[in-house]
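Subject: Structure handover

Hello,

The structure is below, as promised. My notes on the contents follow it.

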Amino acid sequence: MEEKTNIIKDLSVEEREEILVDIARTLEDTAREAFVEGNTQFAALSNNMAEAIRVNADELARDDPENAELVFQQAAAMISQFEAVHPYRMVSMAVH
């Protein structure tokens, strides 16, 4: 984890923004799974964090790489916390 966050400062603005949007998408997926499992508080927290990251991704990536790194660390910690509690996540076999 330390290696990834140290690399964020060395990335271009576009790459930093892309990483922030990807982590927001992962938070939304985690929130969806938590909601399905009945953990509405964690789902709401994850959704709010994902929305805040999406809204501010451009500004964080362009103007504030240090805070972008902190946001990335916090989001990764949230995802890791969910994965630690749910090591065997549901896998949908539905065909769309």
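Leaving out residues up to four places away in sequence, L20 touches I53, A57, L60, A61, A68 and V71, where contact means heavy atoms within 4.5 Å. L20 sits in helix α2; helices here are DSSP runs (H or I, at least four residues), as strands are (E, at least two), numbered from the N terminus. L20 counts as buried because its relative accessible area is 3%. The cut-offs are under 20% relative accessible area for buried, over 50% for exposed, and partly exposed in between (1.4 Å probe, protein chains only). Between L20 and A68, which are 48 residues apart along the chain, the C-alpha separation is 7.8 Å.

On provenance: this is a predicted model, in which local features need pLDDT of at least 70 and side-chain atom pairs count only at pLDDT 80 or more, while totals for chains, interfaces and linings use all residues. Residues are numbered from 1 along each chain as its sequence is written, and side-chain values use heavy atoms, with hydrogens and water left out.

Overall, the protein chain has 4 helices and 0 strands, in the order α-α-α-α along the sequence. Of its 96 residues, 34% count as buried. The chain exposes about 6500 Å², and carbon and sulfur atoms supply 52% of that area; accessible areas come from the Shrake-Rupley method with a 1.4 Å probe, and for residues only the protein chains shown count as cover. Among contacts with a separation of 6 or more, 73% are between residues 24 or more positions apart.

Now the helix pairs. Two packed helices are described by the angle between their axes and the distance between the axes. Axes are lines fitted to C-alpha atoms, for helices over the stretch in contact, and angles run from 0 to 180 degrees between N-to-C directions.

α2 with α4: helix α2 (residues 13-36) packs against helix α4 (residues 65-85) at about 25 degrees, with the axes 10 Å apart. That angle makes α2 roughly parallel to α4. Angles under 35 degrees count as roughly parallel, over 145 as roughly antiparallel, 65 to 115 as roughly perpendicular and the rest as oblique. By class, the residues of this contact are 14 nonpolar, 2 polar and 2 charged. Here Ala, Val, Leu, Ile, Met, Phe, Trp, Tyr, Cys and Pro count as nonpolar, Asp, Glu, Lys and Arg as charged, and the others, Gly among them, as polar. The α2 side includes L20, I23 and L27, and the α4 side includes A68, V71 and F72.

α3 with α4: helix α3 (residues 40-63) and α4 pack at about 155 degrees, with their axes 10 Å apart. α3 is therefore roughly antiparallel to α4. The contact of α3 with α4 consists of 11 nonpolar, 4 polar and 1 charged residues. Among the residues that meet are F42, M49 and I53 in α3, and A75, M78 and F82 in α4.

α2 with α3: the angle is about 170 degrees and the axes are 8 Å apart, so α2 and α3 are roughly antiparallel to each other. The contact of α2 with α3 has 17 nonpolar, 4 polar and 7 charged residues.

One further residue in α2 is A31. A31 counts as buried because its relative accessibility is 2%. Not counting residues up to four places away in sequence, A31 touches A43, S46 and N47. The C-alpha atoms of A31 and N47, 16 residues apart along the chain, are separated by 5.9 Å.

Regards
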